[in-house]
Amino acid sequence: MSFERTILVTGGYGFIGSHFVRLCLQKGCRVINLDALTYAASQATLKDIEKGELHYHFQKGQIQDRDLVRSLFSKFKPSMVVNFAAETHVDRSIDSPRPFIDTNVVGAFALLEESRNYYNALTPEEKEEFKFLHISTDEVFGSCPGDAYKEDASYNPSSPYAASKASADLLIKSFYHTYNFPILITNCTNNYGPYQFPEKLIPLMIIRVLQGQSLPIYGNGMQIRDWLYVQDHVEAIWGVLQGGKKGNTYNIPGLNGEVPNKVVVEEICSIFDTMIPRQNNASYKDLITYVSDRPGHDFRYALDIEKIKKNIRWYPKVNFKEGLKKTVAWYLENQWWWQEILDRGYQAERLG
């Protein structure tokens, strides 16, 4: 069996997955991108690499499709699997939890089983190289009342989304303990940056500012999130993939990223006040409104960085204010990308 430096990436047209695909190609790897092209995916995100990139192959499909996954293993013989494929929006999980169970639990299990079957047929040398890395979230731990959560914190998910991710995490960990299958898990904080689908807070507020619309904030806006710039995140994933100890979990937080939602929106408004001033000395903060809170809204998320800092020697480079300015500038300069999403019918409306 030939065994090349090939990575099977699931969900590679999503926000974080697409950045990771680019990084892998820059590192000289061959990438197989399996993506179902759901509403949150955009092929435009990787359009510049699709033509003429000999080390990239896209396959449309779901991770639940075991025959398809099996055929990709047989044809491309990857040495690593990185699973980004997931339904991720908490508000949507409140309105309709079933798709989250189908993809995040059933899909993760199908991908895991096919990966294990493939792994079992490898030679000892190939088994030593093989890794299955699953991308998870800080939300599995629930609201954080005190010190930032370490990797061994108890799971306490509050939303159907978080519960589905927690279920997948536990299932994947069980495959390591039961079958000695070489898994890795990363739990990240809130991501932001270029190419993020505009249902998430930061791109949603940026686009609504540009359209002169109100800027709705849940409750009193004092819910705290830790913000992780997406390029920092994918570089951390790469580090874990190279140096992570099999069977381990690694937290990936941002740099100075713990910020209340209200302050996030106010910072976006301040950036626009400087870049595109409104008439009559008005501030974009005047567009802020407060709406009823969503059910089960966790007050704070926070992850401890010490393990990945010590064992992988990774540390985030982009602090929140710097990353937010870069993100606002990108959405200003790339209206073609998000306008196509709006033209498809996305209404940027509140869900959940």
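**Entry 1: His297.** I am working with a predicted model. I started with His297, which I found in the loop between strand 12 (288–291) and helix 11 (306–311).

Is His297 buried or exposed? Its relative accessibility came out at 16%, and buried means under 20%, so I noted His297 as buried.

Next I looked at its surroundings. Leaving out residues up to four places away in sequence, His297 touches Tyr218, Gln223, Arg225 and Asn261. I also found a polar contact of 2.6 Å between the side chains of His297 and Asp293.

**Entry 2: helix 12.** I then turned to helix 12, residues 320–333. I checked its length: 14 residues at 1.5 Å a residue should span 20 Å, and the end C-alpha atoms are 20 Å apart, so the two agree.

At the start of the helix, I saw a side-chain oxygen of Asn319 reaching to within 3.3 Å of the backbone nitrogen of Lys321.

Which residues of helix 12 are buried? I listed Phe320, Gly323, Leu324, Thr327, Val328, Trp330 and Tyr331. Looking down the helix axis, I found these buried residues within an arc of 160 degrees, so they line one face of helix 12. I reminded myself that residues three or four places apart point the same way, because an α-helix has 3.6 residues a turn. On the other side of helix 12, I found Lys321, Lys325 and Glu333 exposed.

**Entry 3: what the buried residues meet.** Last, I looked up the packing partners of the buried residues of helix 12. Among them are strand 7 (190–192), helix 8 (201–210), helix 10 (261–275) and helix 13 (335–343). Strand 9 (224–229) and strand 11 (258–260) also pack against these residues.

Technical notes: Residues are numbered from 1 along each chain as its sequence is written. This is a predicted model: local features need pLDDT of at least 70, side-chain atom pairs count only at pLDDT 80 or more; totals for chains, interfaces and linings use all residues. Side-chain values use heavy atoms; hydrogens and water are left out. Helices (H or I, at least four residues) and strands (E, at least two) are DSSP runs, numbered from the N terminus. Buried means under 20% relative accessible area, exposed over 50%, partly exposed in between (1.4 Å probe, protein chains only). A polar contact is a pair of N or O atoms within 3.5 Å; within protein, one must be able to donate a hydrogen and the other to accept it, and residues adjacent in sequence count only if both atoms are side-chain atoms. Contact means heavy atoms within 4.5 Å. The expected span of a helix is 1.5 Å times one less than its number of residues. The arc is that of the directions from the helix axis to the C-beta atoms.
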